Amino acid sequence: MLLVDGEPVLSSSAGAASRVGGVGMELVAALAAHPGLRDAAGRLKATPESRISAGQEGAPRHVYVFQREFATVDPARVELVGTDEATTCIGVVIRNNRTGMTSVSHLDFPKIVEGGLKQMLELLGDDNAPFDVHLIGGFSDASTKVVRSSGKKHIKQEGYSYPLCCKIVEVLHKFQQQFSLRSFCVLDNNTTTDSLGNALPVIGGFVVQTSSGVVTRAGFDMNSRCPDEVVRRIRVSVSSYDPAWQGRLLETYDTHCDVFRIAPACWMPDWADIASSLNQLSDSEVLMQCSTSPAAEPPHFVENERRIWKYLINNPDWEETFPKHKPRVFHRTSDGSWSRYS
């Protein structure tokens, strides 16, 4: 159940329950209008964005989560956990306030939500502990249209962020566990416009300080999205075609050992040909064809796509990336960097 300031947000009415997504829509409307949550979103947006970089002396130990991944971390091992590059996606933080165990996911599609949230909760332990939740990301990426049929008006919401957000709050609200919602910086609460009038997210990345639970705006340098950045990005696409990952988030980080295990992911040989064709596109064509929000992508979006395609071109056989179908395993070194030993 979702709580704000210790009180349930609302109980779904029979009318809402009878409509597809009706409970989620009512919850989103109530949360978006809550004065306390709006103030919290305003404070978060007003804070400067910190930059997370790896390899610097004294840099905090951190874990980075890519799209469709999640990681649950132990504050005894990890100081920061977070994600960025979210446009129409939504980042979810769930923290056990008794133990400090913190789980972060980067959700991109409604069908991944229920299974993904259950995965996050599995390692947090102690169902009776107070759990804090933060929802950050997504924006008003499409307008609401009125559709008339059979003499009646119907509201049709287009875009990606809104249905995703509705699903997240609906699933959290139906769980028996009580979740105190601390941040609701999503949709209208996370939208600005550029000089051309394009809607953009204000916040696309954040980190959680595991010792305190404090959430702050953040962006990650390229060297801090380790380990195995390009292969993990490829797995996001591959997982869409793999039945083993349907309805589930990608697991990469082992919280018990503080290691990354990148499970095998296979791609067809013709992916190299497809990647070669895509790599011939202009930068503007890449944005239009490969992004759900072309005007909102960070400057390095096209570069990231091209690095993925070049890897596939150079490695058409997935078994060369995953010899003997074994995972790629990385452990943290004394200086905080990652070293592959499998």
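Reply: Keeping in mind that the model is predicted, a place to start is Phe260, which counts as buried because its relative accessibility is 1%, under the 20% cut-off.

Me: Which ring does Phe260 pair with, and at what angle between the planes?

Reply: Phe260 forms an edge-to-face aromatic pair with Trp338, with 4.9 Å from centre to centre and 90 degrees between the planes. The pair links distant parts of the chain, since Phe260 belongs to strand S19 (residues 259-262) and Trp338 to strand S21 (residues 338-340), 78 residues apart.

Me: And Trp338, buried or exposed?

Reply: Trp338 has a relative accessibility of 17%, and therefore counts as buried.

Me: How many aromatic pairs are there?

Reply: The count comes to 7 aromatic pairs. One of them joins Phe175 and Phe179 in a tilted arrangement, with 6.3 Å centre to centre and 55 degrees between the planes. Phe175 counts as buried at 14% relative accessibility, and Phe179 counts as buried at 0%.

Me: Which residues do ring pairs link into a cluster?

Reply: The cluster consists of Tyr64, Phe66 and Phe220, linked by ring pairs. Phe220 is also the bridge partner, in S16, of Ile52.

Me: Switching to sheets, how does S3 run relative to S16?

Reply: S3 and strand S16 (residues 215-220) run parallel and are joined by 3 bridges. They belong to an open sheet of 5 strands with mixed pairing, in the order S3-S16-S15-S6-S4.

Me: Which strands are at the edges?

Reply: The edge strands are S3 (50-52) and S4 (62-64), each of which pairs on one side only.

Note on methods: Residues are numbered from 1 along each chain as its sequence is written. This is a predicted model: local features need pLDDT of at least 70, side-chain atom pairs count only at pLDDT 80 or more; totals for chains, interfaces and linings use all residues. Side-chain values use heavy atoms; hydrogens and water are left out. Rings of Phe, Tyr and Trp (its six-membered ring) pair if their centres lie within 6.5 Å; planes under 30 degrees apart count as stacked, over 60 as edge-to-face and the rest as tilted. Buried means under 20% relative accessible area, exposed over 50%, partly exposed in between (1.4 Å probe, protein chains only). Helices (H or I, at least four residues) and strands (E, at least two) are DSSP runs, numbered from the N terminus. Two strands pair if DSSP finds at least two bridges between them.
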